[in-house]
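I opened this notebook to record what I looked up in the structure, entry by entry. I keep to strands, cores, a helix and aromatic rings.

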Amino acid sequence: MSLPLSGVTVLDLTRVLAGPYATMVLGDLGADVIKVERLPGGDESRAMGPFRDGESYCFAQVNRNKRGVALDVKHPDGLKALLALAARSDVLVENFRPGTTERLGCGYDAVRAVRPDIIYCSISGFGQTGPYAQRPAYDIIAQGISGFLSMTGHPGGPPTKAGIALNDIAGGVTAVQAILAAYIARLRGEGGQYIDTSLVESGIAWTVWEAAAYFGSGEVAAPAGTRHRRNAPYQAYRTKDGYVTVGGNTQRMWQALCTKVLGRPDWTSRPEYATAQDRLAHGDELERDIQSVLVTDTTDHWVTAMLTAGVPAGPVNAYDQMIADPHLNERGITTTVEHSVLGPVRALSSPLRLSKTPPQIRRGAPVFGEHTAQALGSLGYSAEDVSALQAAGAVYDPALPPPASPPPPRPAGGNDV
């Protein structure tokens with residue numbers, strides 16, 4: 001069975017999360033992803049635990065379906081090898097700070113000179129232009145600039161980070177969208193092109209309700225706990241043994257919640273709760289009233305009662321509870337990836353469900369430099385050539401004799417974008 005991106009070669013110069021997530025998705029869809037890591041040390045996420053047998057689980061989670069090559073792009077022979085790989089690639093993805101690849105000799109113009117129809121995607125914190133372009137950016141910096149920290153958490157509380165690396169993943173998802181769109185354009189005869197994607201703008205693009213409120217009425221989004229900004233009740237409530245999420249935000253659901261679940265039909269006739277706007281205006285009182293009933297029984301009890309009454313509801317799972325959820329297990333939310341050192345590694349499955357060409361996990365994440373000799377061999381380098389380059393410190397492959405002075409490992413941290 002052919003995968004959607006079979007025959008597409010992606011040269012991956014990314015590190016840490018945003019870029020590696022994007023190239024992982026492309027790899028899951030069938031692309032041959034060649035991950036190029038810099039000497040010394042490689043991708044900074046290799047230094048992030050937990051570890052087993054010296055390998056990072058963080059790195060392993062977002063670098064499956066990739067072949068690993070280690071090059072010193074500051075070495076003339078390392079740069080020559082990189083450009084030779086670029087000449088054989090359809091897509092190049094990098095997430096260095098703007099201007100870095102140009103200084104290294106592998107910017108868009110240099111790559112376009114050897115592959116005119118290349119699709120070259122840059123993922124940065126703030127984009128390639130503008131007054132913030134040269135600022136370093138991590139996910140938390142992007143969450144702050146995007147406004148997420150100011151609108152997350154509970155009213156009156158401190159700025160609160162989303163529980164996941166929201167802007168990093170948004171940047172990766174946006175990059176995939178742009179790359180696939182550019183590839184379709186190339187199939188239609190438009191040739192290659194340059195893509196400029198930023199973590200900040202990718203996250204901001206998801207603030208559609210907040211934009212509607214601001215552009216429509218000047219309302220500035222503020223922390224609302226788990227409440228919805230436009231409907232009520234629509235939030236998480238404490239129960240006897242945990243929390244339950246409730247989506248009783250239409251009139252029909254509100255009436256069913258009061259009459260069939262909470263045993264308070266009188267609330268449907270209260271003027272403070274007559275409409276969604278009334279309930280929003282009296283949100284604190286509404287929360288206290290509903291909470292006073294829900295704390296009397298368990299989460300499972302209320303979820304069953306609400307679903308029976310046609311009111312959307314669900315538990316608030318901890319991560320281990322989510323992994324053990326029977327529905328998600330039947331849907332195959334996790335999979336096992338074979339790693340050359342770690343052996344079987346449990347990982348998240350692809351969420352893409354295609355009836356004819358579903359994604360496949362064909363290989364685990366590479367150990368540092370695992371496929372250097374293989375990739376260079378496909379370019380015409382002999383085994384002796386690669387060994388000589390390794391001796392000179394231009395490349396690294398763990399199966400070859402180490403250079404006289406092996407490079408020190410890269411410390412944790414560094415600039416993702």
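My entries follow, beginning with the ground rules.

**Ground rules.** I am working from a predicted model, in which local features need pLDDT of at least 70 and side-chain atom pairs count only at pLDDT 80 or more, while totals for chains, interfaces and linings use all residues. Residues are numbered from 1 along each chain as its sequence is written, and side-chain values use heavy atoms, with hydrogens and water left out.

**Strands.** I took helices (H or I, at least four residues) and strands (E, at least two) as DSSP runs numbered from the N terminus, and I let two strands pair if DSSP finds at least two bridges between them. I found β1 joined to β2 by four bridges, the two running parallel, with D32 in β2 as the bridge partner of T9. Four bridges also join β1 to β6, again in parallel, and there V10 stands opposite V91.

I then checked burial, where buried means under 20% relative accessible area, exposed over 50% and partly exposed in between, with a 1.4 Å probe and protein chains only. Five of the seven residues of β2 are buried. In β6 (residues 91–94) both faces are covered, with V91 and V93 buried on one side and L92 and E94 on the other.

**Cores.** I searched for nonpolar cores, that is, sets of buried Ala, Val, Leu, Ile, Met, Phe, Trp, Tyr and Cys residues joined through side-chain atoms within 4.5 Å. The largest has 29 residues, and those with the most contacts inside it are L11, L13, V36, L71, L82, L85 and L376. Among the elements that each supply at least two of its residues are β1, β2, β5, α17 and α18, but α3 gives the most, with six. Leaving out residues up to four places away in sequence, I listed the contacts of V36 (heavy atoms within 4.5 Å) as L11, D12, L13, V69, L71, L82 and L85. A second, separate core of 26 residues includes I123, A175, I179 and Y183.

**Helix α13.** Which residues of α13 are buried? I noted G283, L286, D289, I290, Q291, V293 and L294, and found the buried residues of α13 packed against β9, β10, α11, α12 and α14.

**Aromatic rings.** I counted rings of Phe, Tyr and Trp (its six-membered ring) as paired if their centres lie within 6.5 Å, calling planes under 30 degrees apart stacked, over 60 edge-to-face and the rest tilted. I recorded F368 and Y396 as stacked, because their ring centres are 5.6 Å apart and their planes at 25°. F368 lies in the loop between β13 and α17 and Y396 in strand β14, so this pair ties together parts 28 residues apart in sequence. F368 counts as buried at 16% relative accessibility, whereas Y396 counts as partly exposed at 22%. Elsewhere, Y108, Y120 and Y194 form one aromatic cluster.

**Charges over rings.** My criterion was NZ of Lys or CZ of Arg within 6 Å of the ring centre and within 35 degrees of the ring normal. R46 lies over the face of F59, 3.7 Å from the ring centre, and the charged end of R135 sits over the ring of Y132, 3.7 Å from its centre.
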